[in-house]
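Hello,

Here is the structure I promised to pass on. Have a look at it, and then read on for what turned up.

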Amino acid sequence: MTGLDETLSTQKLQEYVFSGCVPADEIAVVKAPNPSLNRAAFTSNGRTDPLKLWKLFRNGHTIRMGNLQRVVPYLAGASRTIQEETGYSNYVHAFLTPPGNQGLRHHWDQQMAVIVQVSGIKRWQLWRPPVDAPMREHNESFRVWRDDFVPKWEAAGPDLEVDLKAGQSLLLPRGWVHNPRVGDVGEPSVHLTFALRERTPYWLVEKLVAGAIREREFRRVIRPGHLGVVELGRQLAETRDALVKYLEGLDLSQAALAVHKAALPEIEYTT
């Protein structure tokens, strides 16, 4: 934590966010229970307006600074090291929340995260996943949300409750519901979220199939007349059989080397 403390103290983060240097598209401003504010609320002439941001923060809004691995050399190095050691692409967000306030309420995310508390104390209420292993747009909170979720969780109480203090970290598995809040007294909370895009068998499927483009069979034209329901069934069957033949012919030793190599630099959303 020494390097992190020296690089991302609360003072330095506040200086950064309230300097107006943070790109507007990397900022989100939210205060529970309302959704994120429109970008116009904290920009002027398309640029981040530090005075507007400061007023919003003083009024209880959480300021999220996104993708710090792109602008902070120390975090860029940490991000690369995580990917080199795990094969997972990742990104780092910072959240600055004033005392007695809350940014985001109950929700779950599409990737695993490591929460690192830089300063202040934030209480994390956690519930087991209501859906199994969400990924990408599949089972995103807002897509499958039910009105009875929050009353049900609140009535049952959290499965785990943690008061995360400065210098402590919390592993938040993919899909776990979390409801973080800062207490009414004390200093503002600053935490970093290291979001880790876990690789999945679906990712392996994408890698295995990607090379099929080199085979002429998969580049041939399917004529419009063959896209009707009846004829399309035959086309699908032929393509499935061709794909099975292609996959059975792969040298898995060579494929494993290629997939391993791909895991290290890829940074797009792959969970």
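A salt bridge here is a side-chain nitrogen of Lys or Arg within 4 Å of a carboxyl oxygen of Asp or Glu. By that rule the structure holds 13 salt bridges. Please keep in mind that this is a predicted model, where local features need pLDDT of at least 70, side-chain atom pairs count only at pLDDT 80 or more, and totals for chains, interfaces and linings use all residues. Residues are numbered from 1 along each chain as its sequence is written, and side-chain values use heavy atoms, without hydrogens and water.

One of the salt bridges joins glutamate 26 to arginine 70, with 3.0 Å between the closest N and O atoms. Glutamate 26 sits in the loop between helix 2 (10-17) and strand 1 (27-30), and arginine 70 in the loop between strand 4 (62-65) and helix 4 (73-86), so the pair ties together parts 44 residues apart in sequence. (Helices, H or I of at least four residues, and strands, E of at least two, are DSSP runs numbered from the N terminus.)

Next, look at helix 6 (residues 201-210). Trp203, Leu204 and Lys207 of helix 6 meet Val259, Ala262 and Ala263 of helix 8, contact meaning heavy atoms within 4.5 Å. Helix 6 also gives three residues, the largest share, to a nonpolar patch. Leucine 208 lies in this helix.

Enjoy exploring!

Best wishes
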